[in-house]
Amino acid sequence: MDIVRPILQALFILAVPPIMLGVIVKTKAQFAGRVGPPVLQPYYDLAKLLRKRSVFSRTTTWVFRAGPVIGVTAPLIAAAFIPIGDGDAMVSFDGDFLVVAYLLGLARFFTMAAALDTGSAFEGMGAAREATFACIAEPAFVMGLLAIARANHALSLSGFLGPSVAAHWPHDGPSFVLVAAGLFVVMLAENCRLPVDDPSTHLELTMIHEVMVLDHGGPALGFISYGAAVKLFVFAAMLIRLVIPITEPGWAIWLALAGGTIAISIAIGVVESTVARLRLTHVPAFLLAACLLCALGVVLLVR
Amino acid sequence: MTASAIALLVLVGTGVVASLVPRWPGIAAAGAIAAAALGIPAAVAVLGEGTAVEHRLAWAAPIDEVRIGLDPLSAMFALPLLALGAACAVYGVFYLDRARRPGVPAAVLNLLLAAMLLVVLARDAVVLLIAWEMMTLASYRLVTYEHGDRAVRRAGWVYLIASHLGVACLLALFVLLGHLRGSFGFAELAARPLGGGAAAVAAVLALLGFGVKAGIVPLHVWLPEAHAAAPSHISALMSGVLIKLGLYGLLRTLGFLEPAEWWGPVLAALGSGSALVGIALALYQRDIKRALAYSSIENVGVILIGLGVGLWASDAGHPRIAALALCGAMLHIWTHAMMKGVMFLGAGSVLHGTGTRDLETMGGLMRRMPRTGALFVLGAVAIVGLPPLAGFASEWLVYRGLIDGGLAPGGDAGWILLLLFAVAVLAAVGALATLCFVRIIGVALLGQPRSAAAARAHESGAGMIAPIAALSAGIVVMPFAAPHAVAGLGSVLAQVARVPLSTAPASSVLAPIAWLSLALWLALAAGMVVLRRLAARSRADDTWGCGYAAPTPRMQYTSGSFAEATLQLLPRMLRARISVRREATLFPGHGELVSDRGDPFTRSAYEPLLDRVGKRFAQLRWVQQGITYLYVLYIAATVVIALAIVAAHDWWVAR
């Protein structure tokens with residue numbers, strides 16, 4: 001099992017994330033009374049993008065190519081720290097949740113730099129907004145994980161998102177509920193979902209992430225889309241491990257994770273179908289609310 | 001020890017020679033390299049063995065002997081000083097105008113290095129103060145190198161005044177210590193630490209006096225002015241080493257006092273404030289070097305958080321947390337010296353290539369200056385604290401100190417909450433730093449040239465790139481070397497915390513970071529290769545203008561617009577002051593927009609205060625008549641009054 005588990009985990013991380021995008025789109029289509037594209041459409045899109053020819057802007061430099069590369073490698077490495085299935089994550093050490101936050105920060109740094117590399121006003125605008133919202137989302141994310149860690153007295157993601165969470169729910173439930181709500185908001189914001197950002201349209205002045213990658217095409221865009229899916233999965237998997245605490249080892253955990261991934265995707269789809277996008281000037285207040293929820297979660301635990 | 005004394009002499013000697021041969025600044029630079037070659041092994045040896053050596057030199061005035069020595073704390077600060085000093089000296093040879101007697105500033109630079117070295121080597125307060133003053137004056141001379149410029153003269157003036165207000169506190173501090181202990185020698189002062197109310201006064205004086213140099217908010221106002229005005233290699237040296245000597249002085253002085261409970265919390269609180277305010281003000285600077293200077297204030301804040309939490313934890317009996325936080329602070333002192341070296345020297349090359357410090361007139365420099373640009377991006381990623389580079393390794397240790405303290409079972413609720421919120425502060429600072437440095441590299445290096453000067457920019461020569469490359473190599477290697485590097489800090493920790501602390505926790509905590517860095521480098525290389533394969537069939541075209549056919553470089557996001565959204569989130573006091581005046585007519589008329597990006601503390605606190613003080617002092621102008629014999633009279637009167645006070649005191653004691 002010791003050799004099989006990491007392989008299974010790696011396969012899960014590599015294969016599952018795009019399906020989340022498919023489920024979200026399907027849910028939204030159902031809400032709108034449409035049939036929608038097949039659930040596996042993101043995989044077809046990726047396969048298509050990787051085979052396409054590229055166009056690079058004459059203005060750009062190596063930074064423009066580093067953006068997609070780091071945008072896919074950093075989330076993939078971050079996903080290796082998430083406990084998937086039974087037992088620990090592929091990699092685990094004390095404080096690894098900060099490494100996850102910083103790896104996602106590295107991806108954000110280069111995505112923004114690549115956007116500015118094009119010299120386009122639109123992409124600069126997206127980068128500026130991404131940077132602004134990250135300033136509030138980042139402390140919320142770290143504080144939320146700190147609260148869970150504090151409850152479990154463990155310092156690694158495998159330690160505090162593993163089976164021990166279940167034992168702490170009865171006692172620390174109120175705090176966990178607050179943190180789960182805060183992390184859900186952070187997930188929406190960090191993955192450019194409504195009500196912060198609208199991933200389904202390009203080229204509106206309210207766009208954030210999509211407008212940053214406007215000039216990427218072909219394989220580079222494939223890298224970015226895949227990286228974005230992996231990043232969404234990283235957040236979703238952490239939420240699932242917090243909200244669906246399963247103690248008995250074995251296949252139940254794998255099933256819970258797979259089911260949870262679908263459930264979270266549907267939840268995002270429902271949010272996207274029922275909630276209107278916030279005015280940009282109101283987004284910071286929305287994120288500050290998440291920050292406060294996570295901070296309250298911490299305060300409730302320190303007695 | 002002898003080696004560092006020789007290093008001192010080499011620095012002074014080559015400086016003198018260079019000032020005599022002003023056309024050959026290379027002599028001074030060779031001296032700086034030789035000093036580094038001599039001093040670094042000596043410092044490493046002292047760190048490794050954990051021993052202290054002291055030399056006494058009989059010298060009549062102003063005290064009976066001059067005492068210099070090298071102990072682990074000195075050695076820790078001497079290392080970045082000598083290394084960065086050599087890099088900056090080499091850079092300066094190629095950076096400064098050949099036609100303007102470059103040997104003179106090179107000689108002053110060596111004098112500055114010697115003074116800074118003497119600051120860390122001094123073993124009594126008088127030598128320390130003399131070296132401190134030499135350091136201030138030498139750096140003032142270098143800050144005002146471009147003294148034809150009015151802004152530079154003003155910056156130098158602010159620097160001189162701030163430094164001397166600080167020195168006034170230091171004089172009071174050492175007079176107090178010397179008076180109560182009967183000696184200025186560090187060994188005597190450390191042997192009998194001062195306690196009680198006098199210790200509190202001394203600690204506050206040290207915090208004020210050394211805090212000015214360290215750039216702790218709100219004592220930082222000289223720092224952005226001076227760093228922007230100075231030639232870039234001097235900015236690098238000041239930011240990388242000189243301001244850290246403020247921290248050295250603070251740590252050294254705290255060693256003369258009995259540990260008090262409030263030190264740790266106060267240092268950590270000042271650190272959090274400096275980090276947040278520093279990075280917030282860095283966000284909207286148009287001057288690239290001012291932005292970097294504010295980022296130095298932020299980094300001093302991070303170091304102070306580490307020091308504060310470390311002192312606090314060792315006081316409360318948590319050796320593991322203390323070791324992590326203190327090692328993090330020390331390592332950050334080293335890594336920040338390298339990172340700020342790269343950033344300021346890189347900014348210098350940009351200034352050299354384009355002739356401007358204004359971000360709005362740069363742009364697209366990565367194409368014109370590919371080597372400098374790549375190293376600058378590397379430095380930016382490192383200074384934000386992102387993996388896999390040096391900044392992450394040191395910030396990781398500070399983080400781990402906070403987290404391990406905050407997540408330990410039990411404990412005092414207040415202390416735990418403060419530690420956990422400090423983690424959130426560091427996370428917010430990290431996100432703000434990302435914005436700040438993406439903005440700098442994005443506006444300066446990427447996109448299209450924003451001015452004719454930027455379009456004509458030229459790449460620097462090998463002499464300027466080599467020092468930056470050497471420091472960058474340090475940044476890349478540091479995550480791998482850090483577990484071994486912190487192992488050598490045990491004796492420094494023991495000196496600062498005054499209890500033996502094991503560095504083993506810090507080394508073991510850093511070990512996974514080395515693996516992470518390796519994995520990340522390999523993954524990035526693999527990803528780059530794969531993308532190159534997949535995108536082999538590519539063509540070049542214009543950036544898509546979203547249907548607009550004639551985009552111009554002026555339509556790019558500017559440095560101001562990039563930070564604008566975040567500025568709205570800052571407290572009103574910290575924002576740039578922007579005033580718009582528009583004529584209210586039916587047809588477009590004359591309009592005016594003024595933005596003031598000056599330091600808010602200068603603007604709303606120091607300037608009004610100093611203005612009022614200045615007006616009061618104007619009433620004393622009759623004292624200054626400019627007549628020589630009047631001044632002789634003043635001196636004589638002062639001496640008579642001083643003698644009278646001493647006589648009265650003796651009479652009082654005798655009674």
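## Helix packing and chain contacts in a predicted two-chain model

In chain B, helix α2 (residues 26-49) packs against helix α4 (residues 103-121) at an angle of about 20°, and their axes are 9 Å apart. The model is a predicted one. Angles under 35 degrees count as roughly parallel, and α2(B) and α4(B) are therefore roughly parallel to each other. Their crossing is left-handed. From α2(B), the residues that make the contact are B:A28, B:A29, B:G31, B:A32 and B:A35; from α4(B), they are B:G103, B:A106, B:A107, B:L109, B:N110 and B:L113. By class, this contact of α2(B) with α4(B) has 8 nonpolar residues, 3 polar and no charged.

### Helix α17 of chain B

Helix α17 of chain B (residues 413-444) packs against a helix of chain A: its axis and that of α5(A) come within 9 Å and cross at roughly 25°. α5(A) and α17(B) are therefore roughly parallel to each other. The crossing of α5(A) past α17(B) is right-handed. On the α5(A) side the contact is made by A:A101, A:G105, A:R108, A:F109, A:M112, A:A113 and A:L116, and on the α17(B) side by B:A427, B:G430, B:T434, B:V438, B:I441 and B:G442. The residues of this contact between α5(A) and α17(B) are 8 nonpolar, 4 polar and 1 charged.

Within chain B, α17(B) also packs with helix α12 (residues 288-316), at an angle of about 160° and with the axes 11 Å apart. Angles over 145 degrees count as roughly antiparallel, so α12(B) and α17(B) are roughly antiparallel to each other. α12(B) passes α17(B) in a left-handed crossing. Here B:I288, B:A291, B:S295, B:E298, B:I305 and B:V309 of α12(B) meet B:L419, B:A422, B:V429, B:A433, B:C436, B:I440 and B:A444 of α17(B). The contact of α12(B) with α17(B) has 11 nonpolar residues, 1 polar and 1 charged.

| Helix pair | Angle | Distance between axes |
|---|---|---|
| α2(B) and α4(B) | about 20° | 9 Å |
| α5(A) and α17(B) | roughly 25° | within 9 Å |
| α12(B) and α17(B) | about 160° | 11 Å |

### The contact between the chains

In total, 67 residues of chain A are in contact with 61 residues of chain B. On the chain A side, the elements that give two or more residues are β1 (54-57), α4 (62-79), α5 (96-117), α6 (121-152), α10 (218-243) and α12 (283-301). α6(A) provides the largest share of that side, 18 residues. By class, the side of chain A that touches chain B consists of 43 nonpolar, 14 polar and 10 charged residues.

Strand pairing also links the chains. β1(A) is joined to strand β3 of chain B (residues 538-541) by 4 bridges, and the two strands run parallel. A:F56 has B:A540 in β3(B) as its bridge partner.

Chain A has 12 helices and 1 strand. From the N terminus on, its elements run α-α-α-β-α-α-α-α-α-α-α-α-α. The radius of gyration of chain A is 19 Å, close to the 19 Å given by the globule rule for 303 residues, so chain A is as compact as a globular protein of that length. Its C-alpha trace spans about 55 × 45 × 45 Å along the principal axes.

Chain B has 24 helices and 5 strands. For its 655 residues, a compact globule would have a radius of gyration near 26 Å, and the 26 Å of chain B agrees with this. Taken along the principal axes, the C-alpha atoms of chain B fill a box of roughly 95 × 65 × 55 Å.

### Backbone details

Most residues other than glycine have a negative phi, and most peptide bonds are trans. In chain A, the peptide bond from A:L194 to A:P195 is cis, with omega near 5°. A:P195 lies in the loop between α8 (164-190) and α9 (209-212) of chain A. In chain B, a cis peptide bond joins B:V217 and B:P218, with omega about 10°. B:P218 lies in the loop between α8 (196-214) and α9 (222-229) of chain B.

A:H153 is not a glycine, yet it has a positive phi of about 50°. A:H153 is found in the loop between α6 and α7 (157-160) of chain A.

Methods: Residues numbered from 1 in each chain as written. Chains lettered and ligands numbered in written order. Predicted model: local features only at pLDDT ≥ 70, side-chain atom pairs only at ≥ 80, totals over all residues. Contact = placed C-beta atoms within 7 Å. Nonpolar A, V, L, I, M, F, W, Y, C, P; charged D, E, K, R; others polar. Pairing = 2+ DSSP bridges. Axes fitted to C-alpha atoms, helices over the stretch in contact; angles between N-to-C directions. Parallel < 35°, antiparallel > 145°, perpendicular 65-115°, else oblique. Left-handed = near helix turned anticlockwise from the far one by under 90°. Rg over C-alpha atoms; globule rule 2.2 N^0.38 Å.
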